[in-house]
Amino acid sequence: MNMELDHVVKFLQGKTILVTGATGFLAKIFVEKILRIQPNVNKLYLLLKAADAKSATKRLHSEIIDTELFTILRDNWGSEFDSFILTKVIAVPGDISSENLGVNESKLREQMLKEIEIVVHVAATTGFNESYDVALAINTFGALNVLSFAKKCDKIKLFLHTSTAYVCGEEAGIILEKPFSVDDTLLKTCKLDIIEEKRIVEEKLDELRFQHAPNEVIKSEMKEFGLKRAKLYGWPNTYVFTKAMGEMLLGNFKGDLPFVIIRPTMIASTYKEPFPGWIEGVRTIDSVIVSYGKGKLTCFPGYPNSALDVIPADMVVNAMVVAMSVHTSNQSCQTIYHVSSSLKNPLKLGDFCKFIHCYFTENPWSNRNGQRVKVRKLTVLSTINGYFLYMWTKYVFPLKVLYLVNILSCQYFRQVYMDLNRKIKFAMRLAEFYKPYAFFKGK
């Protein structure tokens, strides 16, 4: 292990790297890791969605450098920390959905094109039901824009793209690291035309705008439209569908550029580095954990013995860094890595439910009134229909009765009804989104 680390540290010395999506959870851990293990890295260009250099620098500090994640690095450098960051990190205002990544300042752009050796593309929109136009612009065509920029760099040695293991859809058994062809679909009954998807999206948007639809309606319609298009070709949601299309375009247009795809499963908090348990926001499986702890979730669909494929974020970053050091060469190649736990160290859904029950029993959540929330064991139902039937008999039907009682009592139970209705809708929506992963039979 030390030999591997020595090789990585030596490789990183003097390198200039562009990182997209730098304010994101995974990218931040990647940046911190590089600066901590190799302070003699030449430069990190961090692409940040911002209008100008001042705004980008502000985001760099408030959303990246000043976060708790950089505590160890800050302590290591002491009073020299700020000057160290100033010499090593450059905040670049831009946008991956624009040509040249939206880097409009020509002097900065020319400097980047002359210096960058490795491009690490992490930027993505990760919402399962993101608006189709947004997800397509960022996850699919945004990836192509980053590749186009990388190919213009004079010293480019590697393009590393972070995707998701779930581009495989709901495949069962051992899932191999196979690349996509540009017109692949999971159903194999029809071919996918990505350019046509872009045209259809633009047509749909034009139609909604012509009807003078409000922005909320457009957003809602485009979310539904994304799910519809994804399911048409065999993917369970807009996120994995647009990420799969991104992979297709990159594989098709990479040319001779050495190219690595990292496909992690559900990314969780850090295991060891820079310290255990660091997380930011509520991510993937965390929304289930938080909802259960708050008493909003009492049952969930899934196979108790199925593997819940969770992987700590720092393990994903380790895989990224090692892949960079191994595959940077002048040889044209495409390599895919799955970064997951289900094959060698599976976490069973049933065990996961026991762990979170044990945790919240010993460490109960306090609600806004300061009252501790008591949790019951999470009921796991092995079919999605069984789950919806359970929800209907235990919650939805009583809620409908409460609705009538509320009307008859002149809205006396209005607040109670609204709170319960919101909780039930949230639980149903959560189950619908996580259904493909709770019943996942792949490894």
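Let's start at proline 274. Proline 274 sits in the loop between strand S7, residues 266-268, and helix H11, residues 286-293. Keep in mind that this is a predicted model. What kind of peptide bond joins glutamate 273 and proline 274? A cis one, with omega at about -5 degrees.

Glu273 belongs to a network of salt bridges, together with Glu32, Lys33 and Arg36.

Glutamate 280 makes a salt bridge with lysine 28. The N to O distance is 2.6 Å. Where do the two partners come from? Glutamate 280 is in the loop between S7 and H11, and lysine 28 is in helix H2, residues 25-37. They are 252 residues apart, so this pair links distant parts of the chain. Lysine 28 has a relative accessibility of 2%, so it counts as buried. Glutamate 280 has 29%, so it counts as partly exposed.

How many salt bridges are there by this rule? The count comes to 13. A general point here: side chains of opposite charge can pair when their charged atoms come close.

Next pair. Lysine 43 forms a salt bridge with glutamate 115. Their closest N and O atoms are 3.1 Å apart. Is lysine 43 buried or exposed? Buried, because its relative accessibility is 14%. Glutamate 115, at 21%, counts as partly exposed.

Arginine 229 in helix H9 and glutamate 197 in helix H8 are 32 residues apart. They form a salt bridge, with the closest N and O atoms at 2.6 Å. Arginine 229 is buried, with a relative accessible area of 14%. Glutamate 197 is buried too, at 1%.

Helix H8 covers 194-210, helix H9 covers 215-233, and histidine 212 lies in the loop between them. At 70% relative accessibility, histidine 212 counts as exposed.

Asparagine 100 has a positive phi of about 55 degrees, and it is not a glycine either. Find asparagine 100 in the loop between strand S3, residues 89-94, and helix H6, residues 106-115.

That brings us to S3 itself. Why call S3 largely enclosed by the rest of the structure? Because five of its six residues are buried. Its neighbour is strand S2, residues 43-49. S2 and S3 pair in the parallel sense, over six bridges. Take leucine 46 as an example: its bridge partner in S3 is alanine 91. In general, side chains in a regular strand alternate between the two faces of the sheet.

A word on annotation. An unreviewed UniProt entry lists residues 19-320 as "domain: Thioester reductase (TE)". Over that range the chain is 46% helix and 13% strand. The end C-alpha atoms of the range are 12 Å apart.

Now go past that range, to helix H14, residues 384-408. Isoleucine 384 lies in H14. Isoleucine 384 is buried, because its relative accessibility is 17%. What does isoleucine 384 touch, leaving out residues up to four places away in sequence? Pro301, Ala431, Lys435 and Phe439. By contrast, the C-alpha atoms of isoleucine 384 and glutamate 196 are separated by 34 Å. Those two residues are 188 apart along the chain.

Last stop: the surface. There is a nonpolar patch of about 750 Å². Trp392, Phe397, Val401, Val405, Tyr412, Phe413, Val416 and Leu420 make it. Which helices each supply at least two of its residues? H14 and helix H15, residues 414-438. H14 gives the largest share, four residues. One of the patch residues is valine 401, and it lies in H14. At 38% relative accessible area, valine 401 is partly exposed.

Note on methods: Residues are numbered from 1 along each chain as its sequence is written. This is a predicted model: local features need pLDDT of at least 70, side-chain atom pairs count only at pLDDT 80 or more; totals for chains, interfaces and linings use all residues. Side-chain values use heavy atoms; hydrogens and water are left out. Buried means under 20% relative accessible area, exposed over 50%, partly exposed in between (1.4 Å probe, protein chains only). Contact means heavy atoms within 4.5 Å. UniProt positions are given in the numbering used here, feature names are shortened, and annotations may be inferred rather than shown by experiment. Two strands pair if DSSP finds at least two bridges between them. A salt bridge is a side-chain nitrogen of Lys or Arg within 4 Å of a carboxyl oxygen of Asp or Glu. Patches are made of residues with over 30% relative accessible area and no salt bridge: like charges are joined within 9 Å, nonpolar side chains (Val, Leu, Ile, Met, Phe, Trp, Tyr) within 5 Å. Accessible areas come from the Shrake-Rupley method with a 1.4 Å probe; for residues, only the protein chains shown count as cover.
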